[in-house]
Amino acid sequence: MSIAAAGLYWLLLPQPILVETAEVVMTTFQDTIEEDGRTRVRDRYMVSAPLSGRVQRLILKAGDVVHAGQKLATITPPVSPLLDSRVRQELEAQVGAAEAGVEEAEAIHEQAKVLLAQASTDLERTRQLAQRNVAAAAQLEREQALFQSAGRQADAAERRSHAATHVLEQARAALQSAGNPDPGEGFPVLSPIDGRVLRVEQESESVVSLAAPLVELGDPGDLEVAVDVLTTEAARIRQGDKATIARWGGPSDLQGVVRRVEPSGFAKISALGVEEQRVWVIIDIVSPRQSWTSLGDGYRVEVSIAIDQIDKATVLPMGALFRRGDAWSIFVVDQGRAYLREIEVTRRSARFAVAQGIRPGEMVVVYPPASLADGSKIRVQ
């Protein structure tokens with residue numbers, strides 16, 4: 001009878017609760033913003049028909065390499081539209097617009113060169129201060145990233161200036177052809193840049209109107225990453241912040257730097273059907289080009305932007321935290337039991353938190369089950 005009573009007593013005893021635990025550590029904490037992003041060619045050029053006429057079939061395919069001045073297509077213009085006074089006025093207006101585009105591109109190029117010179121001066125000044133232990137190493141890295149970004153912008157502005165010059169030459173050539181129409185004359189459409197064909201808009205032979213899109217060009221080696229983040233998060237991002245680009249298909253993560261946070265937001269419906277205000281953040285890839293040669297235009301990537309860093313911080317997983325009233329609480333593991341403890345959380349990221357009221361080396365319950373209470377026996381999974 002005593003054996004049966006003992007067995008019944010054992011069955012009625014509360015069984016240990018199976019839990020998962022993690023160790024609290026002292027390490028460097030990075031406050032990051034993680035979002036999905038998309039790669040895109042920094043400068044895209046849509047080559048359009050400079051005049052109305054019949055365009056011959058294009059032999060170019062997406063991915064083909066083109067050079068500045070290379071013939072992309074040939075347009076055979078009909079006589080009557082070229083002799084029309086309205087078309088002549090349109091072509092003259094195109095020449096004027098192209099001339100204005102050249103002036104604008106040259107002004108942007110000059111401004112980019114000034115910014116590059118300023119970035120070089122700031123980098124040299126910070127490097128000298130760092131050698132005298134006056135400037136922090138993080139400030140030196142920031143100035144180096146801004147100098148690289150300014151250099152890329154200067155290169156892009158120079159290419160835009162060259163492209164604008166080619167557009168002006170084509171507009172002048174179209175106007176000249178209008179003054180001397182020849183039914184058998186074929187007007188060549190030339191490439192404004194060195195790059196690759198991104199998309200062929202008009203592949204088959206056809207009659208096209210003035211300014212009809214023909215071919216889209218760009219340089220896939222000059223990519224940037226566009227990330228849309230919540231406006232509340234974008235307010236914490238600064239130009240020059242470091243970024244990590246992951247899950248892009250390569251063997252290792254890529255490094256980037258924030259070049260611009262656009263000033264205007266937009267509305268977007270989330271996957272849960274909630275309307276959110278978001279803003280575009282543009283990131284330059286600073287890893288060596290040979291490490292991401294397989295990355296192309298329009299690829300999906302995961303981006304982590306580091307906005308703050310704390311050295312020697314007491315860090316625990318976010319999964320260990322839960323709310324009790326207005327305070328944060330955790331379950332601390334001690335001798336096979338879980339004890340409830342209230343702590344103060346000073347900083348949080350997507351996966352980790354910095355807290356006070358707990359020591360490095362202590363074990364905490366991660367994702368505590370609803371049945372867990374203060375003092376409950378536990379069994380570690």
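**View 1. Arg-172 is partly exposed, with a relative accessibility of 46%.** This close-up, like those that follow, comes from a predicted model. Look for the partner of Arg-172 and you will find Glu-99: the two form a salt bridge in which the closest N and O atoms are 3.3 Å apart. Arg-172 belongs to helix α4 (residues 137-179) and Glu-99 to helix α3 (residues 85-131), so this pair links distant parts of the chain, 73 residues apart. Glu-99 has a relative accessibility of 34%, so Glu-99 also counts as partly exposed. In general, side chains of opposite charge can pair when their charged atoms come close.

**View 2. A salt bridge joins Glu-224 to Arg-40.** Here the closest N and O atoms are 2.8 Å apart. The two residues are 184 positions apart in sequence, and because Glu-224 lies in strand β11 (residues 223-230) while Arg-40 lies in strand β2 (residues 25-41), their contact ties those parts together. Which side of the 20% cut-off does Glu-224 fall on? With a relative accessible area of 3%, Glu-224 is buried. Arg-40 is partly exposed, at 21% relative accessibility. The structure as a whole holds 34 salt bridges.

**View 3. Arg-236 meets Glu-233 through their side chains.** This salt bridge spans 2.9 Å from N to O. Arg-236 has a relative accessible area of 37% and is partly exposed; Glu-233, at 25%, is partly exposed too. Elsewhere in the model, salt bridges with shared partners join Arg-40, Arg-42, Arg-159, Asp-222, Glu-224, Arg-259 and Asp-284 into one network. The Glu-224 and Arg-40 of the previous view are among the members of that network.

**View 4. Phe-266 and Trp-280 form a stacked aromatic pair.** The count of aromatic pairs comes to 2. In this one, the ring centres are 5.5 Å apart and the planes meet at 25 degrees; that angle is under 30 degrees, so the pair counts as stacked. Phe-266 sits in strand β14 (residues 266-269) and Trp-280 in strand β15 (residues 275-285), and the pair links these distant parts of the chain, 14 residues apart. Phe-266 is partly exposed, with a relative accessible area of 25%. Trp-280 is partly exposed as well, at 28%.

**View 5. The rings of Phe-322 and Phe-331 are stacked.** Their centres lie 5.4 Å apart, and their planes are at 25 degrees. Are these two residues buried or exposed? Phe-322 is buried, and Phe-331 is buried too.

**View 6. Arg-289 lies over the face of Trp-292.** In this view, follow Arg-289 to the ring of Trp-292: the distance to the ring centre is 4.4 Å.

**View 7. Strands β3, β10, β8 and β5 make an open sheet.** The order of these 4 strands is β3-β10-β8-β5, and the pairing is antiparallel. Which strands stand at the edges? They are β3 (44-48) and β5 (65-66); each has a single partner strand, so one side of each is left without a neighbour in the sheet. For β5, the pairing with strand β8 (residues 195-200) is antiparallel and runs over 2 bridges. To find your place along this pairing, look for Val-66, which stands opposite Gly-195 in β8.

Key. Residues are numbered from 1 along each chain as its sequence is written. This is a predicted model: local features need pLDDT of at least 70, side-chain atom pairs count only at pLDDT 80 or more; totals for chains, interfaces and linings use all residues. Side-chain values use heavy atoms; hydrogens and water are left out. A salt bridge is a side-chain nitrogen of Lys or Arg within 4 Å of a carboxyl oxygen of Asp or Glu. Buried means under 20% relative accessible area, exposed over 50%, partly exposed in between (1.4 Å probe, protein chains only). Rings of Phe, Tyr and Trp (its six-membered ring) pair if their centres lie within 6.5 Å; planes under 30 degrees apart count as stacked, over 60 as edge-to-face and the rest as tilted. A charge sits over a ring if NZ of Lys or CZ of Arg is within 6 Å of the ring centre and within 35 degrees of the ring normal. Two strands pair if DSSP finds at least two bridges between them.
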